[in-house]
Amino acid sequence: METFYRTHAYLVEHTNAPVRRDLMDEIDWNDRLIGIKGTRGVGKTTFLLQYAKEKFGPDRSCLFVNMNNFYFSNHSLVDFAGEFHARGGRVLLIDQVFKHPDWSKELRMCYDLYPKLKIVFTGSSVMRLKEENQELCDIVKSYNLRGFSFREFLNLQTGLKFHPYTLEEILGNHEQIAKGILSKVRPLDYFQDYMHHGFYPFFLEKRNFSENLLKTMNMMVEVDILLIKQIELKYLPKIKKLLYLLAVDGPKAPNVSQLAGDIQTSRATVMNYIKYLADARLINMVYPVNEEFPKKPSMIMMHNPNLMYSIYPVKVEEQDILDTFFVNTLWKDHKVNKGDKNVSFMVDGVMPFKICEKHVRNRTDAGVTYAMHNLEIGRANMVPLWLFGFLY
């Protein structure tokens, strides 16, 4: 146990989160079992350590452990939690909980056996904490940690402290909001960098970002999908090829029959693989209003623009990048559907949006909001696209 305390102390001392994530204040830390999900690479480990540093400092009542530790290959989580609890432990932070066999059953046992112990754990976005783990459905509170928003990236790059706005605030008052931001910085000077490498915090590391992201994408497929969904290793090449084909095709409706032939599997298996890739936050499935999985989506796009530049950089169309940015940033708190005719997307079923360059729009379509690239300050129903990056 002392080894874990020493590791915890070292990690907390050397943790330096560049941006304080808003999720820190959104979580009800009074709950006894808290799950924090998120795609690989968005900073879940750093988030746990930052919580430990901010709330507990050197206090040994809080302990961070990683399920990658070989100790847990021969020891149960329940016994470990019991020993920690007996030593006065009150908050156990568990990273990558899904690496432990029967993790959900053991978390339930910890919850029942140690009523004074709070457990906060991280897991993959592929995990279905409540739907697939009946032991936890009535006790766990689940949250999602996303990659950096454009606002968070801008704050990091400039040292400023812009706060987020709701969609209603942006649509109703975008001119004043934009003027306030532009009085301090020119967001468009940073926008392309965000599109290329700003979503994942590890762009701060002194390594090649694209190579690091490709490695992370492979881990998403090999671990988050294969391990959690218990898919045999021999099917890995099929899933990787499917992801590549979807990326190369760009945002459009998938030809499921063609894809099934390309990776030599059934249409049903292709749709399941597509769902797994969406759960892993590698792609987004966009449907018409009032439709959803298991129907075929009307559009498949990469989850965020960074992925597009890494997986197939020679074929990155600017319009596809703009659409992907918009869908990704709206996805947190809103439902995004495919639009009709000249409308790019329908948001929350009632708000039509057109995503375009500022020089494209020559007329006013009543009721349509234009999210316009390369526009610093908008007017009326023309809103700068970058400003939607302030939604979280």
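Modeller: N290 lies in the loop between β6 and β7. Bear in mind that the model is predicted.

Colleague: What makes the phi of N290 worth a remark?

Modeller: Most residues other than glycine have a negative phi. The phi of N290 is near 75 degrees, a positive value in a residue that is not glycine.

Colleague: Where is P294, and what kind of peptide bond joins F293 and P294?

Modeller: P294 is also placed in the loop between β6 (283–286) and β7 (299–302). The bond from F293 to P294 is cis, with omega about 20 degrees. Most peptide bonds are trans.

Colleague: Now the helices. Why are α8 and α14 called roughly perpendicular?

Modeller: Angles of 65 to 115 degrees count as roughly perpendicular. The axes of α8 (residues 188–197) and α14 (residues 318–330) cross at roughly 85 degrees, and the two helices are therefore roughly perpendicular to each other. Their axes come within 11 Å.

Colleague: Which residues make that contact, and how do they divide by class?

Modeller: From α8 there are F191, Y194 and M195, and from α14 there are I321, L322 and F325. The contact of α8 with α14 has six nonpolar residues, no polar and no charged.

Colleague: How do you know that α1 is roughly perpendicular to α3?

Modeller: The same test applies. The axes of α1 and α3 (residues 44–55) cross at roughly 90 degrees and come within 9 Å. An angle from 65 to 115 degrees counts as roughly perpendicular, so α1 is roughly perpendicular to α3. In this contact H8, L11, V12 and E13 of α1 meet L49, A52 and K53 of α3. By class, the residues are four nonpolar, one polar and two charged.

Colleague: What is the crossing angle of α10 and α12, and what do you conclude from it?

Modeller: The axes of α10 (residues 236–249) and α12 (residues 267–279) cross at roughly 75 degrees, coming within 10 Å. That makes α10 roughly perpendicular to α12. K238, I239, L242, L243 and L246 of α10 make the contact with V270, Y273, I274 and L277 of α12. Eight of these residues are nonpolar, none is polar and one is charged.

Colleague: What makes the pair of D22 and R151 a salt bridge?

Modeller: A salt bridge needs a side-chain nitrogen of Lys or Arg within 4 Å of a carboxyl oxygen of Asp or Glu. For D22 and R151 the N to O distance is 2.7 Å, so the pair meets the definition. D22 is in the loop between α1 (2–13) and α2 (23–26), while R151 is in helix α6 (residues 150–158). The two residues are 129 residues apart, and the pair links distant parts of the chain.

Colleague: How many salt bridges does a search of the whole structure find?

Modeller: It finds 18 salt bridges.

Colleague: How many cavities of 30 Å³ or more are there, and which residues line the largest cavity?

Modeller: There is one cavity of 30 Å³ or more. The largest cavity holds about 30 Å³ of space. Its lining is made up of L246, D249, G250, K252, A253, P254 and I300. Those residues divide into four nonpolar, one polar and two charged.

Notes: Residues are numbered from 1 along each chain as its sequence is written. This is a predicted model: local features need pLDDT of at least 70, side-chain atom pairs count only at pLDDT 80 or more; totals for chains, interfaces and linings use all residues. Side-chain values use heavy atoms; hydrogens and water are left out. Axes are lines fitted to C-alpha atoms, for helices over the stretch in contact, and angles run from 0 to 180 degrees between N-to-C directions. Helices (H or I, at least four residues) and strands (E, at least two) are DSSP runs, numbered from the N terminus. Angles under 35 degrees count as roughly parallel, over 145 as roughly antiparallel, 65 to 115 as roughly perpendicular and the rest as oblique. Contact means heavy atoms within 4.5 Å. Ala, Val, Leu, Ile, Met, Phe, Trp, Tyr, Cys and Pro count as nonpolar, Asp, Glu, Lys and Arg as charged, and the others, Gly among them, as polar. On a 1 Å grid over the protein atoms alone, a cavity is a set of points where a 1.4 Å probe fits but cannot get out, and a pocket is an open set with protein on both sides within 12 Å along at least five of seven lines; lining residues have an atom within 4 Å of a point. Grid points are joined across faces, edges and corners, and a volume is the space filled by probe spheres set on the points.
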